[in-house]
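Q: I would like a close look at one part of this protein, taken slowly. Please keep the wording plain.

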Amino acid sequence: MVTKLWQFLTTDIRELVKPAEVTEKGLDTGKELIELAGTVDEEGKKVEWLKPFLEQENTASLLEILTSPEAKLLGGLVPFANIAIALTKFYAEKTKEEPTLADSVVIVSMIAYWKSYATIIKAPEQKELYERLSQVKVGKQLEAIELSEGEAQKAITCFHESKLATKFNEYLTENIQKAGIYVDRAKSLAERVAWNAHWYVNQVLAEVSKGDAIKPLAELYRNGGKEMLENQQSLEDYLTEYISPHPTTAILQNRWKVIDGKFALQDIYVPMKALKVDKNGNLVRSVEDNSGNEIEQSPFDLANWAEELLLDVQRSDRVMFIQGGPGRGKSAFCKIFANWVRENLHPLWTPILIRLRDIPNLQQSFENTLREAVSADFAKNDDGWLTDRNTRFLFLLDGFDELLMEGRTSGGLEQFLKQAGAFQRECAQSKDMQHRFLVTGRQLALHGIERLLPQNFERVEIQPMDADLQHRWLGKWAVLEGERTASAFQSFLESDNCPERVKELAREPLLIYLLAGMHRDGEIATETFAGISAVNAKVLIYEKAIDWILTKQRCDPSGQDVNKEITDMETATLRRILMEAGLCVVQAGGESAPIATIAERLKDTEAGTKLEDARKKQGDDAIKNALATFYLQPASGKEGSVEFVHKSFGEFLCAERLKESIEEWTVPGRKGKEFNLDTKDMDSQIYDLLGYGDLTPEIVEYLMALLIKSDDFAPVSLFKRLEGFYLRWCNGEFIDAPPDENLPQKKMRLLKEQLKDRDGSLGLRQVDIFTGLNVTILLLELNRYAKDKDELKDKIAFYPCGENSKEGFEADRLLKIIGYSYCIGRKAFGETVGKFLSGADLSGADLIGADLIGADLIGADLSGADLRGADLRGADLRGADLRGADLSGADLENISWGNDDISERETNWEDARGLETAKNVPEELKRQLGI
């Protein structure tokens with residue numbers, strides 16, 4: 001019981017020590033309070049802290065001093081642990097009794113709680129609130145609190161759940177509200193103070209253990225307190241190094257730099273806006289009110305949405321799921337929001353930022369996956385770090401499309417997302433694990449699995465910058481580069497002569513920065529983008545951005561190219577090295593690649609020769625110096641590897657590398673040879689370039705745009721050679737070749753030798769299947785390109801099964817390919833080729849039972865195709881020709897089958913059979929077809 005303690009705390013300090021004793025005799029008297037305060041300076045002559053309380057007209061107790069809104073005694077001038085010790089001794093001296101465990105806990109907890117409050121309220125970001133609270137007159141005194149021994153022990157082990165925390169929070173909330181702060185914010189601040197107090201409780205315990213200063217508590221500390229304090233310090237170190245924008249190491253500082261390294265992310269960042277996404281992956285642009293009226297939904301502030309959802313206890317089972325295209329600012333948001341949580345909510349919520357690219361394998365337990373992803377001591381040394389009731393983590397899992405885990409193409413991503421959803425529900429139901437999860441990534445990675453996402457995902461999609469955000473961005477650009485430069489760039493964007501496509505690109509966070517930098521340096525102007533398509537505008541920007549970075553980033557005041565001086569290489573050589581780096585990074589999983597592998601791939605090339613010349617002068621640093629000219633940085637946790645600062649640069653450079661080889665395949669030969677490169681060598685290059693995994697839509701888009709604008713693009717010759725390869729691959733020519741000629745084996749061996757960190761799923765079958773599927777994608781793209789060209793449409797026509805009713809037609813050829821793809825995963829074909837099938841001619845094809853989940857079949861010719869039992873679920877059949885197709889038993893759940901606004905894209909169902917037995921036929925479709 002603490003009745004006597006409370007009487008002591010509420011006694012007027014002038015009854016404990018007379019003012020005259022302090023003012024007249026100084027240090028020699030009032031000794032107890034001087035020790036209590038711990039404010040004696042080196043000369044031991046000042047006790048200024050005490051004067052305001054001794055000289056004020058109204059009485060003041062120790063309790064009032066300790067719990068004053070401005071927390072004068074605990075504002076940072078005093079070693080607060082010494083106060084707890086001195087106050088305990090002072091209490092023992094005045095009462096002539098040794099304090100009990102409950103007495104000691106009350107004193108320590110009170111000191112820790114108000115120290116926590118003082119620390120939080122005096123942080124720079126709370127300046128306005130602190131000033132308001134400093135003017136508040138304290139209300140009624142804190143009521144007496146009595147603790148049992150059990151309650152006292154609970155306050156030490158988990159303070160925020162204790163009776164003391166409840167009483168302190170109520171008192172603090174009431175006083176904060178007097179400053180005009182609304183109740184929810186007041187409660188949130190008090191709750192944060194209580195969570196943070198545990199840190200200070202442990203610090204006091206560490207001090208009292210020295211010489212048994214407070215005997216009842218010293219034993220508690222010796223029984224595990226030291227380890228707890230070390231783990232807490234490790235966590236604080238993690239927050240400083242990995243979450244704060246001011247880490248101490250250069251590598252971590254680079255994560256906060258923007259593209260040219262001149263500015264920090266927080267200097268140029270503006271908040272992003274988002275829209276909600278429904279379960280089918282569609283943006284929610286309007287909702288119905290109670291009267292059935294459509295209400296347009298405006299984009300909302302992404303950070304506000306995340307904060308609201310994080311603090312909403314009623315939705316604690318929800319995963320915050322943020323999707324967005326490349327360059328939209330997903331990773332930037334994670335960094336900024338994680339640091340905001342650190343500054344404003346920790347330790348109520350403690351941010352842990354995990355780049356999913358750094359997770360090599362998905363464990364059977366999601367908890368073990370998290371353990372593997374967090375390398376800090378507080379996680380590695382404490383098996384119970386996820387069940388510590390004093391810590392609630394907000395895990396920010398950035399880049400679900402960048403997972404490197406084993407089996408990604410065979411359901412790894414789906415498995416990961418399901419585990420995340422299940423673990424979030426488990427946390428919501430557990431008293432020991434109340435963590436929350438925020439997941440980000442590119443929406444294209446969800447192709448074909450959207451309907452399988454967990455129901456507890458709260459999905460939003462980042463929207464392009466609107467006029468307001470762009471204006472705010474330009475304001476920051478003006479601060480960094482000057483009003484004149486910013487104004488000129490704004491005029492460029494607003495000019496009638498500036499292409500609309502460029503204006504659209506300027507709404508992307510990454511690209512507006514590149515555009516602004518290039519405009520500042522005179523690399524782009526209004527006339528630069530006249531009359532080009534969106535993808536070509538993007539390609540042009542990347543081309544110019546890379547040239548700008550390689551030639552302008554490092555120039556001395558005289559204009560001398562410092563890159564050349566550092567690397568001993570011309571810009572063309574550096575670009576060739578970067579192209580190989582882009583290919584290596586993509587083949588290694590899309591994020592990072594070993595430097596040694598990049599160098600190895602450059603052997604026997606002109607760039608490799610020049611690199612070797614530079615190595616003779618610079619040693620092994622030559623390749624590193626070359627890579628450092630661009631925005632490559634050391635890969636996290638992978639010694640000797642590098643990664644692109646932004647994934648899109650790697651994808652674009654990979655596309656440039658593919659273009660270079662593809663053009664070589666069509667160079668005419670001499671002396672009667674049709675092509676300069678014989679078929680055997682071309683086959684070898686195809687496996688080398690494409691036998692690593694699936695071509696992403698971004699790489700394909702860049703590649704086709706680069707080829708089409710190239711003077712060396714020979715589409716007919718390219719189609720002829722690729723079609724020949726496709727037919728030979730379908731017949732198993734390469735996989736069945738003897739070992740000394742087996743190209744899949746050769747590529748598999750090279751991948752295992754050069755990319756040891758790549759997951760073990762790239763075996764012989766994976767290499768062969770991916771090579772064939774990627775060639776199929778290129779043929780589909782060439783077919784789509786030729787359809788719009790009068791001079792090509794009769795020369796290029798790709799039929800995956802051959803042309804219906806003509807020689808060479810194999811109705812089940814594509815079905816065999818899909819079946820072969822099952823070797824590496826049921827969804828491998830759909831996830832790799834499915835999104836490129838729009839406009840494909842599959843007339844008469846045998847697709848019985850085929851898995852076409854999520855396939856893009858817009859405008860495809862499926863007339864007469866046998867689709868009995870085919871799985872056509874998240875599939876887009878708009879404009880497809882299904883005349884005479886047999887759909888008996890096919891699954892049509894969630895298909896897109898027509899568009900009232902674009903009649904020419906509506907699906908042709910004339911004479912389609914089996915719809916009576918097909919599953920999940922939309923009601924509207926039934927009505928339209930009279931079923």
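Which residues in H21 meet which residues in H24?

A: On the H21 side are Gln-470, Trp-473, Trp-477 and Glu-481. On the H24 side, they meet Ile-512, Tyr-513, Ala-516, Gly-517 and Arg-520. Sorted by class, the contact of H21 with H24 has 5 nonpolar, 2 polar and 2 charged residues.

The geometry comes next. H21 covers residues 467-481 and H24 covers residues 509-520. The two helices pack at an angle of about 45°, and their axes are 12 Å apart. Because of that angle, H21 counts as oblique to H24. The crossing of H21 and H24 is right-handed.

Elsewhere in the chain there is an open sheet of 7 strands with mixed pairing, in the order S4-S1-S9-S5-S8-S7-S6. Its edge strands are S4 (300-301) and S6 (350-355), each of which pairs on one side only. Within the sheet, S5 (residues 319-323) and S9 (residues 457-462) pair in the parallel sense over 5 bridges. Val-319 has Phe-457 in S9 as its bridge partner. Helix H20 (residues 412-429) packs on this sheet and touches S5, S7, S8 and S9. The direction of H20 makes about 160° with that of S8.

A word on confidence: the mean pLDDT of the protein is 83, and 86% of its residues reach 70 or more. Where pLDDT is low, the predicted coordinates should not be read in detail.

Conventions
Residues are numbered from 1 along each chain as its sequence is written. This is a predicted model: local features need pLDDT of at least 70, side-chain atom pairs count only at pLDDT 80 or more; totals for chains, interfaces and linings use all residues. Side-chain values use heavy atoms; hydrogens and water are left out. Axes are lines fitted to C-alpha atoms, for helices over the stretch in contact, and angles run from 0 to 180 degrees between N-to-C directions. Helices (H or I, at least four residues) and strands (E, at least two) are DSSP runs, numbered from the N terminus. Angles under 35 degrees count as roughly parallel, over 145 as roughly antiparallel, 65 to 115 as roughly perpendicular and the rest as oblique. A crossing is left-handed if the near helix is turned anticlockwise from the far one by less than a right angle, and right-handed if clockwise. Contact means heavy atoms within 4.5 Å. Ala, Val, Leu, Ile, Met, Phe, Trp, Tyr, Cys and Pro count as nonpolar, Asp, Glu, Lys and Arg as charged, and the others, Gly among them, as polar. pLDDT is the predictor's confidence in each residue, from 0 to 100. Two strands pair if DSSP finds at least two bridges between them.
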